[in-house]
Amino acid sequence: MAGILIIAHAPLASALRDFAGHVYGEVPDRIVALDVMAHEDTKVTLEKAYQIAKSIQAENGLLVLTDIMGATPANVATRLAHKPELEGYVRVIAGVNLPMLMRAIAYR
C-alpha cells in the first residue's frame, strides 16, 4: 500500500487529511499532510517533505498530492520526486480535491 503525502498551502493539506479521518473514523495509515506556510523557505519545506517521504514510502512507492501546479507546494513535490534516492518511487498529482483523495486512499 503506497504512502500518500498531501502538500498544499496551509491549512488545506491538514484539512484534507482530517477529512479522511472523519470519513474513515481515523486517518488511514501512511497518510501525512504538510501545510506550506506563507513565506516559508522552499529549502525548509523540501527538507520537511523529504523526511516525511522517507518515513511513509512503501514498496509501492509514494503518491504526492498537491494543490496548484507551479506554486511552492507543487514545486517542492516535483523536486522531491527527482531526489536520486526517491526517483522512480514518487508520483506527483496536482489539483488535489476531496474526491481525488478518497479515490487515492481506496485504490492505493
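This is a predicted model: local features need pLDDT of at least 70, side-chain atom pairs count only at pLDDT 80 or more; totals for chains, interfaces and linings use all residues.
Residues are numbered from 1 along each chain as its sequence is written, and side-chain values use heavy atoms, without hydrogens and water. Local features need pLDDT of at least 70, side-chain atom pairs count only at pLDDT 80 or more, and totals for chains, interfaces and linings use all residues.

**Exercise 1.** Find which residues touch the most other members of the largest nonpolar core.

Solution. A nonpolar core is a set of buried Ala, Val, Leu, Ile, Met, Phe, Trp, Tyr and Cys residues joined through side-chain atoms within 4.5 Å. Buried means under 20% relative accessible area (1.4 Å probe, protein chains only). The largest core has 18 residues, and Leu5, Ile7, Ala49, Leu62, Val64 and Leu80 touch the most other members. Next, list the elements giving two or more residues to this core: β1 (3-9), β2 (31-36), α2 (42-56), β3 (62-66) and α3 (72-81). Helices (H or I, at least four residues) and strands (E, at least two) are DSSP runs, numbered from the N terminus. Of these elements, α2 gives the most, with 6 residues.

**Exercise 2.** Decide whether Thr45 is buried or exposed, and list what Thr45 touches.

Solution. Thr45 lies in helix α2. Its relative accessible area is 0%, so Thr45 is buried. Leaving out residues up to four places away in sequence, Thr45 touches Leu34, Val36, Glu40 and Val76; contact means heavy atoms within 4.5 Å.

**Exercise 3.** Find the ring over which the charged end of Lys83 sits.

Solution. The test requires NZ of Lys or CZ of Arg within 6 Å of the ring centre and within 35 degrees of the ring normal. The charged end of Lys83 sits over the ring of Tyr50, 5.2 Å from its centre.

Terms used
Buried means under 20% relative accessible area, exposed over 50%, partly exposed in between (1.4 Å probe, protein chains only).
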